[in-house]
Amino acid sequence: MSDPSWLLDLFAAVMLAVSAYCAVRLVVVRRLHRTLHYGVNSAHVAMGLAMSGMLVPVLNAWPNPVWEALFAGFAVSFAFQSASFVARHGLTGLSRDHFHRVTHYLTHLVMSFAMLYMYLAAAPVPAHAAAMAMGPAPGTAAFVGLPLVFILVLCASAVWHVDALSRFTPAVVAAAVRAGAASRGGEVGAGPEARWLAPRLEMGCHIAMCAAMAFMLVLLL
Amino acid sequence: MNEASAVESPVAPTATEAPWDPPDRRRTLQLALAALWFLDAVLQLQPFMFSRSFGPLMLGPTARGNPGIVAHSITDVSRSIGQHSVGANAAFVLVQFLIAFAIAHRPTVRLGLVLSVAWSLLVWWFGEGLGGVLAGTASPLTGAPGAVLLYAVLAVLLWPTARRPAAPCTAARLVGPPVAKVLWVAIWGWLAGIAFFGSPTRHPGTLLAGLEAGEPRWLAALNRHAADLVASRGPLLAVVVGLLFVVIAVAVFLPTRPARVVLAVAMVVGLAIWVVGEDFGTVFSGSGTDPNSGPLLVLLAVAYWPLRRAGSRRWVEAAA
């Protein structure tokens, strides 16, 4: 059993789960009076679905040109958000919620480009093939350095998010909420830490997505 | 417990609870080390690593030239991995992901660094044949003294400790400036030694020419040009590179400003070795298991970068 097709199935299942979970987040966030990044969660939904379709072609929901257009749209959106973030907060500034830097948007910009690259570079496979035999398409050899850059960014982003997990432990969040209330003159109310919907699970989704995407890009090297 | 409910039911902070701080220099270096382990795990997921050829073709040849006991152990292990290729490789992937996550997760960073040292030493023995040190095949271009050994060195140097907050550089926090300096001199001095006196069969021209196979066209062309460039200049190149490594080795004894210049040169050398000599760890060939020693040499130089201390003029003085 040297064929790692089970590995492709495993990653596809994880990506479907991530996609479904992020979709649920988008649906319930308002009902729970919480907040999240709509753009990022929408991108996670699309990327999870698209990657599961690439890994197991039978799960592919839409034709490739539709996906390509969608991720081109996400790339433009994240490029715009990165630029406006820099304009508002500078290169080293923090967002209004004190969580995110410009790297948050840049990482998702890179992920959108990586998705585009995968659609453009992967060799086409029959629609109903059992599992995707990923490999670079002819003519993409000249850009083979590009996925390595994507992979390095994804690895760095994954470990950076693992590091930030401990920022959202209940105790740390409680301390931050109290500190926030004190700075607002004792006014009791949920600070940005407490309003964020399940931040550790969102980070977990991002980490899983980075691992899956890096794996798929490695297959294209 | 649901994340949302965890946020809604705050736990009273204890006296030992510390607020979350953004990563400082040492933490950033730890995260860089974790990112490299993460990359290793992802590379280990390549189809070739799950095949029966991985053990005998990748690990087996590292036994060549080593003393009997070392060679036999490598051969036995590589054969065993070949027989249980899928299970063995899945375990390797899990271990490397585990190390990456443990280092990156603050509460488990110490466990991660300990695992990093243990796994590095195992891989150095069974996966890299002790980096060719005993076989006489070591070369700076092939990742001497064994890329994975540098993971272990960095794991020790980046150990989280409250000792020596005024250390002259991050690498000296745990072991102190004298030991940190000895390690730096040992690594670069040894590289200088094999540049001066290395085996003639490990001529850079031969090594570079041998890298072409399986690489993308642009990288193969770079290898070819580099091989042509050094082909007829073997002895001269050995002296120049050896002297450069000696200068880098003594960087830790220099005043702060020149030390920074030489450490910057060390980073450039690390990158040059990675690109031209190691072909990015041969990751484009489908059989690269790690990015090799280039990025680690850069990381090491960052860990030795003299920190700005008020009134300190020398790397050495700041330690006092």
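Colleague: Where in chain A is the place of A:C22?

Modeller: In this predicted model, A:C22 belongs to helix 1 of chain A, which covers residues 5–28.

Colleague: Why is A:C22 called buried?

Modeller: A residue is called buried if 20 or more other C-beta atoms lie within 10 Å of its own. A:C22 has 26 other C-beta atoms within 10 Å, so A:C22 is buried.

Colleague: Which residues is A:C22 in contact with, leaving aside its neighbours within four places in sequence?

Modeller: Those residues are A:N41, A:H44, A:V45, A:G48 and A:C205.

Colleague: What makes helix 3 of chain A and helix 4 of chain A roughly antiparallel to each other?

Modeller: Helix 3 (residues 64–89) and helix 4 (residues 102–121) of chain A pack at an angle of about 160°. Angles over 145 degrees count as roughly antiparallel, and therefore the two helices are described in that way. Their axes are 8 Å apart.

Colleague: Which residue classes make up the contact of helix 3 with helix 4 of chain A?

Modeller: That contact has 17 nonpolar, five polar and one charged residues.

Colleague: How many residues of chain B are in contact with chain A?

Modeller: There are 39 residues of chain B in contact with 39 residues of chain A. On the side of chain B that touches chain A, helix 2 of chain B provides the largest share, seven residues. By class, this side of chain B divides into 30 nonpolar, four polar and five charged residues.

Terms used. Residues numbered from 1 in each chain as written. Chains lettered and ligands numbered in written order. Predicted model: local features only at pLDDT ≥ 70, side-chain atom pairs only at ≥ 80, totals over all residues. Axes fitted to C-alpha atoms, helices over the stretch in contact; angles between N-to-C directions. Helix = DSSP H or I, 4+ residues; strand = E, 2+ residues; numbered from the N terminus. Parallel < 35°, antiparallel > 145°, perpendicular 65-115°, else oblique. Nonpolar A, V, L, I, M, F, W, Y, C, P; charged D, E, K, R; others polar. Buried ≥ 20, exposed ≤ 12 C-beta atoms within 10 Å, placed from the backbone. Contact = placed C-beta atoms within 7 Å.
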